[in-house]
Amino acid sequence: MLLAILTLCSALADDASDTRDAAVRKYLASRLEAGPLRITTVSSNGYGAVSTSTVNTWTVYQGQNTIIGTSKFAELVNDKERTADLEKRKGVANGVAYGLLGAGLVSAGVGVYELTLPPKTRYGMGEGFVPGIVLTSVGTGLLLGALYVPAYSRAHREYVPNWYSEEQASGLVDDYNSAKMKELGVTKDDVLGYLKERSQVDLTVTPFLAVNQVGVNVTF
């Protein structure tokens, strides 16, 4: 009887441990971190000389160092005002892009038509040659602008430091992580215990993204 009771207790403990581990894994996959970001660009000139430039900044990560944009961050931390503002800016950018696209198609179409007019000069050029070249060039520029505007707008919108200070983001991250832990029913000790059982390297509480960096980044 005693053996049966001990076996049952052991099984219940294992089930509880599995449930806790599943909750910890879910937390680690969804947790946020405001941490440093190093951006390095490599360029070369026409003579083959290579130069590099590095910018040290910060951004927001989710889970295992996955960078997220402003829209997702604002949604996760329930910043409704910022979410609405970003959606409005996205709509404006798309409207401008569609306007440029329409104008570009019309301008390029008229330009191509002008270039097809029959020759009426001794040089064999159509009467619409010059305006055709001008309109086609303008149309091409407008079409390129229609592609550039949404891309630039998205890059500007989704770069978190454009909309939050690092201090603001860190505060929102802490609130989000605390709420997520409470929602999943896990504690700091649960997370540390889970990581210690599965890692043979020292844990660090300072987030860092770098090549050849080995370790587990943890912030509660």
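Which residue is the bridge partner of Q62 in β3? The partner is T66. The model is predicted, and its protein chain has 220 residues, of which 30% count as buried. The secondary structure comprises 6 helices and 5 strands.

**Overall make-up**
- Read from the N terminus, the elements of the protein chain follow the order α-β-β-β-α-α-α-α-α-β-β.
- Taking contacts between residues at least 6 apart in sequence, 63% link residues at least 24 apart.

**Strands β1, β2 and β3**
- Strand β1 spans residues 32–44 and strand β2 spans residues 50–62; the two run antiparallel and are joined by 13 bridges.
- Opposite R38 stands N56, a residue of β2.
- Strand β3, made up of residues 66–67, pairs with β2 over 2 bridges, again in the antiparallel sense.
- A hairpin is formed by β2 and β3, with 3 residues between the strands.
- G63 lies in the turn of this hairpin and has a positive phi of about 65 degrees.

**The aromatic pair F73 and Y164**
- The whole structure holds 2 aromatic pairs.
- In one of them, the ring centres of F73 and Y164 are 5.2 Å apart and the ring planes stand at 85 degrees; planes over 60 degrees apart count as edge-to-face, so this pair is edge-to-face.
- F73 belongs to helix α2 (residues 70–76), whereas Y164 is in the loop between α4 (129–158) and α5 (166–184), so the pair ties together parts that lie 91 residues apart in sequence.
- Both F73 and Y164 are buried.
- Y164 has a further neighbour in R82, whose charged end sits over the ring of Y164 at 5.8 Å from the ring centre.

**The aromatic pair Y148 and Y152**
- Y148 and Y152 form a stacked aromatic pair, with 5.8 Å from centre to centre and 20 degrees between the planes.
- Helix α4 contains both Y148 and Y152, which are 4 residues apart, or about one turn of the helix.
- Y148 has a relative accessible area of 53%; the cut-off for exposed is over 50%, so Y148 is exposed.

Notes. Residues are numbered from 1 along each chain as its sequence is written. This is a predicted model: local features need pLDDT of at least 70, side-chain atom pairs count only at pLDDT 80 or more; totals for chains, interfaces and linings use all residues. Side-chain values use heavy atoms; hydrogens and water are left out. Rings of Phe, Tyr and Trp (its six-membered ring) pair if their centres lie within 6.5 Å; planes under 30 degrees apart count as stacked, over 60 as edge-to-face and the rest as tilted. Buried means under 20% relative accessible area, exposed over 50%, partly exposed in between (1.4 Å probe, protein chains only). A charge sits over a ring if NZ of Lys or CZ of Arg is within 6 Å of the ring centre and within 35 degrees of the ring normal. Contact means heavy atoms within 4.5 Å. Two strands pair if DSSP finds at least two bridges between them.
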